[in-house]
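Try each task before you read its solution.

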Amino acid sequence: MQTSFSPLSTPHLPRSILRSNSNLRSCAIRKEALGFHWLAELRNRESRRIRIVSRKPRTRNQAVISASASASASGVDNGSGAPTSFDYDLVIIGAGVGGHGAALHAVENGLKTAIVEGDVMGGTCVNRGCVPSKALLAVSGRMRELRDEHHMKALGLQVAAAGYDRQAVADHANNLASKIRGNLTNSLKALGVDILTGFGTIVGPQKVKYGKVGFSDNVITAKDIIIATGSVPFVPKGIEVDGKTVITSDHALKLEFVPDWIAIVGSGYIGLEFSDVYTALGSEVTFIEALDQLMPGFDPEIGKLAQRVLINPRKIDFHTGVFATKITPAKDGKPVIIELTDAKTKEPKDTLEVDAALIATGRAPFTKGLGLENINVETQRGFVPVDERMRVIDADGNLVPHLYCIGDANGKLMLAHAASAQGISVVEQLTGKDHVLNHLSIPAACFTHPEISMVGLTEPQAKEKAKREGFEISIAKTSFKANTKALAENEGEGLAKLIYRPDNGEILGVHIFGMHAADLIHEASNAIALGTRVQDIKFAVHAHPTLSEVLDELYKSAKVNSNASRPDSKPVAV
Amino acid sequence: MSHSHLLHTSFIPTAPPSLRRRLGGSAPTPRPHQIQSKIREIFMPALSSTMTEGKIVSWIKSEGDKLAKGESVVVVESDKADMDVESFYDGYLAAIFVDEGLSAAVGSTIALLAESEDEIALAQSQKTSSSGAVSAPPANNNDAPKVLDEMPSPVATAATPAVQASVGILGSSAHPASEGGKRVVASPYAKKLAKELGVDLRGVVGSGPNGRVVAKDVEAAVAAVKVSSGGATVVASEPAKPSGVELGSVVPFTTMQSAVSRNMLESLAVPTFRVGYTITTDALDALYKKNMKSVEQDIILQLLYPMSLDREMLFAPFFKLRLFNQSYYLQNSFQIKSKGVTMTALLAKATALALVKHPAVNSSCRDGKSFTYNSHINVAVAVAIDGGLITPVLQDADKIDIYSLSRKWKELVDKARAKQLQPNEYTTGTFTLSNLGMFGVDRFDAILPPGTGAIMAVGASQPTVVGTKDGRIGMKTQMQVNVTADHRVIYGADLAAFLQTLAKIIEDPKDLTL
């Protein structure tokens with residue numbers, strides 16, 4: 001249920017935190033701890049915006065011609081040392097969403113590109129993450145609605161008892177994944193990107209070997225290499241995953257069975273989305289969270305409201321401040337046994353007996369076998385160290401020329417669309433245009449019912465930044481209860497929250513909990529990406545009646561000092 | 001009005017203050033809060049400029065919970081949104097003035113915050129004394145006090161000795177699943193439900209995997225009690241709300257009704273049989289009248305609301321019709337002070353005394369293999385409440401004197417109305433009484449509540465023309481009772497003997513008032 005995130009349930013995998021705190025299991029998305037990492041980067045550099053390019057489909061021939069024209073040379077050089085001529089301008093290792101985004105943009109920019117994939121095309125997002133999870137959530141959303149008698153009655157609808165066919169639901173998810181995988185593969189082929197099958201290994205500077213394990217390897221050379229190998233579910237020590245009763249998101253998405261009672265370890269995005277699916281399908285859920293509160297990655301106010309809507313009224317209970325130190329799969333008629341240990345005192349606290357356990361404690365980078373040792377790069381807890389331009393840093397702290405790493409493998413922000421944005425940023429640099437991605441403008445969403453979305457800083461993060469840099473922040477809030485469209489849908493539960501600077505109108509963060517929040521956030525993320533100020537965007541017109549008016553009201557209710565600068569845009573008569 | 005307040009505070013000293021407040025809703029004069037320095041009021045905040053009153057969506061904290069400054073206490077719905085209201089101080093939430101679902105004007109006190117744990121009681125006493133000040137919104141009508149007044153059970157109360165509080169684990173009705181283990185394994189929903197319904201999970205037998213308690217077990221535990229007289233309920237509640245039902249609509253069961261349905265089906269697995277008996281009640285009637293008479297001078301005429309039937313549907317006193325020829329409503333409107341008995345108590349007492357002599361009829365069959373002879377005689381009496389049925393239990397009815405039993409009954413009914421019965425007050429019955437006599441029903445049969453051995457359906461006591469032994473025709477007041485029992489543990493001869501004993505006790509009731 002990586003939602004739109006690539007695997008990691010966490011918007012940004014806190015490397016600093018991971019190092020200091022072995023508590024990865026908590027899915028501890030401490031944006032607080034991380035946000036400043038980006039901020040630090042941003043303060044020193046003027047962040048350039050991602051150039052928005054239209055991806056014109058080309059014919060294969062055109063693509064090939066332009067690609068080969070730009071390739072520096074051809075011919076394989078198997079000798080040691082950096083080659084002087086290259087098979088490709090760009091080789092991307094890993095055909096997930098990040099690699100795909102990079103490849104498309106590379107072709108757009110005339111680079112001869114190959115993509116190496118050892119598993120299925122599409123990576124985690126398409127096969128084991130965002131995509132199939134959306135299929136399950138689409139089902140759960142409808143089930144929930146149909147079973148909500150009160151809701152139906154309020155709309156005047158009468159529905160007989162709703163039921164579901166597990167296998168058909170599972171098939172829907174699987175079919176969707178196949179379809180998206182096909183689309184993705186075809187789009188690459190159509191553009192003339194060479195798809196090289198096998199696991200890719202870096203054997204030296206600008207040199208990649210690929211091939212199925214045990215078969216003869218092919219070695220190719222590339223002017224530049226992007227590592228985009230993604231991540232796999234992280235399973236803490238002591239937990240035995242059998243794929244049947246103790247599972248990760250990989251298994252859960254196949255929906256092979258719907259347990260009566262499932263414990264979900266980790267209450268981040270993945271856990272939360274699966275709780276939505278499972279409870280809608282009739283399971284009861286117990287959350288196990290290492291931190292003291294559920295949904296630790298969210299703005300506290302949003303988290304509180306979300307808990308009131310997504311947890312409390314549902315068949316869910318939870319244990320916070322505990323580690324699941326040992327989980328034994330069900331066997332010989334015994335249930336799944338989970339041993340809980342107090343996160344602070346390390347004392348055994350409780351034992352749970354459940355029908356299944358889903359491990360949603362975050363994701364670990366998939367960087368083994370990449371051959372990083374051949375180029376003197378050491379991973380940090382598996383992550384490939386990179387600078388703000390995604391350039392790989394070697395063990396001595398120097399940049400490795402022509403080598404980049406994007407997506408979950410670098411751990412900066414483990415979301416599918418972040419990987420893609422990073423890939424585009426790298427390609428921009430390859431074509432001679434310096435580019436630094438503003439991670440604070442990358443939205444994140446959790447596709448529960450209703451949805452949660454966010455961009456930028458949370459309130460505590462903003463407060464801290466304000467304190468450090470000496471400015472004031474203000475908060476504006478609007479409720480979905482005041483929105484006509486939401487009321488028409490009988491979905492008035494929800495809140496939008498804007499964190500901004502009253503002195504200059506800068507938008508620091510926007511958080512939405514409510515119907516279609518994931519779709520609504522982009523108005524705010526675009527504003528942040530483009531540097532639009534509150535005092536400007538409040539004049540933008542929103543269609544009535546739409547949910548987008550929630551944001552309209554939000555901007556309008558913000559109070560920016562009157563002396564804040566207005567843009568120098570001139571009115572244009574049409 | 002004050003008498004009810006008095007009555008409850010004096011005779012259920014252990015009742016939670018929340019109960020007292022409810023009951024004391026009719027407290028004479030609203031007194032202003034006397035706020036001590038260390039007890040602070042929590043006011044209804046103004047969440048928007050247009051807000052004049054706010055509705056309490058939910059209390060996040062319960063009375064007695066510790067609060068940290070900045071922690072959310074309550075969710076308030078304003079005209080625009082639901083908002084958390086945070087505490088400005090550390091302390092304990094001592095008393096809640098405005099319950100969930102009710103509204104209060106901006107600035108009015110909705111709760112008290114005590115600084116230390118010791119002050120909670122103090123704050124609660126303030127609450128009790130000031131509860132009259134709380135204005136309930138018209139929508140909700142806060143009918144608790146009204147219910148009290150309408151309480152149909154003819155209650156006799158006395159300022160005499162406090163009821164011997166015989167609470168605790170009684171009989172073997174409580175069936176701890178986890179006596180051996182220290183913990184109860186219950187699913188998340190089962191836990192939630194148990195909390196909502198006030199069921200102690202330790203007393204619930206789990207039917208889930210590995211003996212886990214699941215939601216339906218909790219529902220069953222509740223329904224086991226509420227269902228008692230299954231068939232009778234339906235009869236009784238039908239006429240109750242003739243207008244509340246939308247014709248042509250299909251109304252799904254509530255959780256409780258589903259549980260009732262399930263339990264009814266479950267009861268089909270029990271091989272029951274029925275034995276009826278006609279009992280002459282002239283003597284009992286006279287006894288009741290005598291006791292009534294002694295208190296009639298003290299009877300205070302309560303507010304004589306023309307009450308609707310559903311409020312009235314209490315399976316309690318079955319002589320009302322006869323006693324007060326015009327209307328049994330009238331009788332219910334009297335609150336009886338000092339020494340007095342209720343017919344329900346008389347009947348329960350008589351039944352209990354008969355059960356003493358026939359332990360088999362007080363037994364049950366738990367596992368299909370054995371008799372469970374209950375150590376206590378706990379007579380459950382079915383009471384119809386809004387949208388359902390509950391069976392408050394007169395515990396140790398054989399041992400407690402009739403006056404205490406009467407008061408106890410009154411207390412239980414009040415609690416039932418206020419939905420504040422504790423599990424041990426409605427789950428511990430070993431024998432059930434169900435009475436439809438006040439509707440003029442002369443006989444019916446009841447469905448056996450799961451987990452018990454027998455239930456007795458009591459019909460109306462009516463003047464009947466009978467032939468006497470000396471060959472003459474005479475008038476006697478008679479009622480028919482009909483016992484449904486589990487034939488695995490209770491046999492025909494057992495019931496027959498029990499009914500004979502019961503008839504003897506009722507026909508010569510002097511022992512009842514001992």
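Predicted model: local features only at pLDDT ≥ 70, side-chain atom pairs only at ≥ 80, totals over all residues.

Residues are numbered from 1 along each chain as its sequence is written, chains are lettered from A and ligands numbered from 1 in the order in which they are written, and side-chain values use heavy atoms, without hydrogens and water.

**Exercise 1.** Find what joins A:Asp317 and B:Lys191.

*Solution.* Step 1: their side chains form a salt bridge, 2.9 Å from N to O. A salt bridge is a side-chain nitrogen of Lys or Arg within 4 Å of a carboxyl oxygen of Asp or Glu. Step 2: A:Asp317 lies in strand β11 of chain A and B:Lys191 in helix α5 of chain B, so the pair joins two chains. Helices (H or I, at least four residues) and strands (E, at least two) are DSSP runs, numbered from the N terminus.

**Exercise 2.** Decide whether A:Asp317 is buried or exposed.

*Solution.* Step 1: buried means under 20% relative accessible area, exposed over 50%, partly exposed in between (1.4 Å probe, protein chains only). Step 2: A:Asp317 has 13%, so A:Asp317 is buried.

**Exercise 3.** Locate A:Asp276 and A:Arg144, which meet in a salt bridge.

*Solution.* Step 1: the N to O distance is 3.9 Å. Step 2: A:Asp276 is in helix α10 and A:Arg144 in helix α6, so the pair ties together parts 132 residues apart in sequence. Step 3: both residues, A:Asp276 and A:Arg144, are buried.
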